[in-house]
Amino acid sequence: MSGIKASELRDHVIRPTLKAINLWSQAAENLLLGTAAQESQLGHYLTQVKGPALGIYQIEPNTHKDVWKNHLKYQHELSDDISHLTSDRCTWEAKENELITNLAYSTAIARVIYYRVPAALPEADDIPGLANYWKQHYNTHLGKGKVKEFIKHYEEWVL
């Protein structure tokens with residue numbers, strides 16, 4: 001069971017979005033594919049079961065606000081590039097809704113969550129490395145996700 005075909009998500013959403021905001025790399029592309037596979041089964045779930053997370057990357061509203069208030073606020077060019085991806089730039093509620101309805105916007109926010117981490121991304125083809133990076137910097141030690149699950153979902157839905 002899955003949502004969006006991985007090659008479609010890669011070619012039509014992730015790669016063009018990351019290039020539009022000047023944060024593309026093969027490793028970042030693969031990491032976001034793995035994140036979407038792990039978090040929502042590539043879009044099978046758009047809202048978290050019994051939780052607040054939203055969209056294919058399951059971004060929590062508090063994390064979304066933190067990205068804007070503590071990172072993008074100081075990165076004017078990047079915040080402008082990301083704002084241009086939204087259809088409504090007025091309210092937090094509208095921006096949060098775009099985490100569900102706007103694949104480019106949610107991809108950009110997920111990328112920034114990783115981008116603000118000082119640790120370098122793993123090599124693009126290092127699936128265990130990507131899984132560990134996701135666990136440490138996205139899901140965190142508090143999250144229920146497991147590195148083994150990430151690897152399994154990546155191999156099942158992305159490769």
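**Around Glu29**

Reply: Leaving out residues up to four places away in sequence, Glu29 touches Arg10, Ile14, Arg15, Leu18 and Trp24 (contact means heavy atoms within 4.5 Å). This is a predicted model, where local features need pLDDT of at least 70, side-chain atom pairs count only at pLDDT 80 or more, and totals for chains, interfaces and linings use all residues. Residues are numbered from 1 along each chain as its sequence is written, and side-chain values use heavy atoms, with hydrogens and water left out.

Me: OK. Where is the place of Glu29?

Reply: Glu29 sits in helix α2. Helices (H or I, at least four residues) and strands (E, at least two) are DSSP runs, numbered from the N terminus.

Me: And is Glu29 buried or exposed?

Reply: Buried, with a relative accessible area of 0%. The cut-offs are under 20% relative accessible area for buried, over 50% for exposed, and partly exposed in between (1.4 Å probe, protein chains only).

Me: How many salt bridges does a search of the whole structure find?

Reply: The search finds 6. A salt bridge here is a side-chain nitrogen of Lys or Arg within 4 Å of a carboxyl oxygen of Asp or Glu.

Me: Which side chain meets that of Arg10 in a salt bridge?

Reply: That of Glu29, at 2.6 Å, N to O. The pair links distant parts of the chain, with Glu29 in helix α2 (residues 26-40) and Arg10 in helix α1 (residues 6-20), 19 residues apart. Glu29 and Arg10 are both buried.

Me: What about Arg15, how far apart are the closest N and O atoms there?

Reply: They are 2.7 Å apart in the salt bridge between Glu29 and Arg15. Arg15 lies in helix α1 and Glu29 in helix α2, so this pair ties together parts that are 14 residues apart in sequence. Arg15 counts as partly exposed because its relative accessibility is 26%.

Me: Which residues end up in one network through shared partners?

Reply: Arg10, Asp11, Arg15 and Glu29, joined by salt bridges that share partners.

Me: Switching to the fold: how many helices and strands are in the chain?

Reply: The chain has 8 helices and 0 strands. Along the sequence the pattern reads α-α-α-α-α-α-α-α.

Me: How much of the chain do buried residues make up?

Reply: They make up 49% of the 159 residues. As for contacts between residues at least 6 apart in sequence, 58% join residues at least 24 apart.
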